[in-house]
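Dear colleague,

Please find below the structure that I am handing over to you. My findings follow directly after it.

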Amino acid sequence: MAAPFFNTPFQPYVYQSPQDAVTPFQILGGEAQIVQIMLKPQEKVIARPGSMCYTSGSVQMDNVYITEQEVGVWQWIFGKTVTSIVLHNSGSSDGFVGVAAPSLARILPIDLAMFGGELRCQPDAFLCSVNDVKVTNVTTDHRARNAVVGAEKLSGQGLAFIIGSGSVVQKNLEVGEVLAVDASCIAAVTTTVNVEVKYNGPMRRGVFGADNLVTAVLTGPGIVFIQSLPFQRLSQRVARAVTAPHVRENPKFFIQLAIFFFLAYVVIVSSLLLTDV
């Protein structure tokens, strides 16, 4: 091999593909992890743009358009990535790549051959892959079980790495076993699990910013990966902490808000009076 694995508490793993190809890899760190993958000559890794952390000198990086991602125009306009990076070991000796999680997340190695060749994930959960892995952006799925987890579908017989924010718990559901999970806390789920959406409480709770409004009721058999701190929840908490002190320290904000509603009221009343005339 080109270089030894780093000295960490995490032991290296070995993945053997259906074609008998062996790929060693190691997950480094406790939070905001890095997966280090060893590549033989002419082997490659497909990863999300911006996820590459380091490589050996023999590894070349190309930014390519992956047609099977099937990203629509509207998804591209609203920020969905339409490209991937290919990390290819073009040298004559073994090399390595380090792919990093984009946030405080755990990296989960998923051998799709052991999951029936298909797994459904939350948006942008896919990090990188080795061998036969196809990533499809699912925009419409009329089956109720995929109403929550259907943004990305991983299919094939290769090795995929997905991310789960915070701590990750794996639940193996037996036939008929039911588990209720906050919808945003589902990182990934196998296709055999039935997912039903349940809204908690009246709609007015959502207007005033209540949490845990949508619960996913999961019915086995199958496997579900649960993340403790979804990125959306973390970003909302950070935004509240940043903006709330400024609002409290700025009394002009409330005055401006009152003036805005008063002017809106005047405009509406004036338009009604003119209409009656």
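Which residues of S14 point one way from the strand, and which the other way? In this predicted model, Leu 159, Phe 161, Ile 163 and Ser 165 point one way from S14, while Ala 160, Ile 162 and Gly 164 point the other way. This arrangement may be read against a general rule: in a regular strand the side chains alternate between the two faces of the sheet.

All of these residues are buried. Because seven of the seven residues of strand S14 (residues 159-165) are buried, the strand is largely enclosed by the rest of the structure. For the protein chain as a whole, buried residues make up 39% of the 277 residues.

Strand S14 also has partners. Strand S9 (residues 105-111) is joined to S14 by seven bridges, and the two run antiparallel; here Leu 108 has Ile 162 as its bridge partner. Strand S11 (residues 126-130) is joined to S14 by four bridges, again in the antiparallel sense. In that pairing, Ile 162 is the bridge partner of Phe 126.

Turning to the sheets, I would draw your attention to an open sheet of six strands, ordered S12-S13-S10-S17-S20-S15, with antiparallel pairing. Strand S12 (133-137) and strand S15 (168-173) stand at its edges, each with a single partner strand, so one side of each is left without a neighbour in the sheet. From one strand to the next, the twist averages 20 degrees. Within this sheet, strand S17 (residues 186-189) pairs with strand S20 (residues 222-227) in the antiparallel sense over three bridges, and Ala 188 has Phe 225 of S20 as its bridge partner.

A further open sheet consists of three strands in the order S16-S19-S18, and its pairing is antiparallel. Its edge strands, S16 (178-182) and S18 (194-199), each pair on one side only. Neighbouring strands of this sheet are turned against each other by 25 degrees on average, direction ignored. Five bridges link S16 with strand S19 (residues 214-219) in the antiparallel sense, with Val 181 standing opposite Ala 216 in S19.

Some overall values complete the handover. The protein chain contains four helices and 20 strands. Among its contacts with a separation of 6 or more, 75% are between residues 24 or more positions apart. The chain exposes about 15,600 Å², of which carbon and sulfur atoms supply 61%.

Yours sincerely

Terms used: Residues numbered from 1 in each chain as written. Predicted model: local features only at pLDDT ≥ 70, side-chain atom pairs only at ≥ 80, totals over all residues. Heavy atoms only, no water. Pairing = 2+ DSSP bridges. Axes fitted to C-alpha atoms, helices over the stretch in contact; angles between N-to-C directions. Buried < 20%, exposed > 50% of the residue type's maximum accessible area, 1.4 Å probe, protein only. Contact = heavy atoms within 4.5 Å. Areas by Shrake-Rupley, 256 points an atom, 1.4 Å probe, with all protein chains shown as cover.
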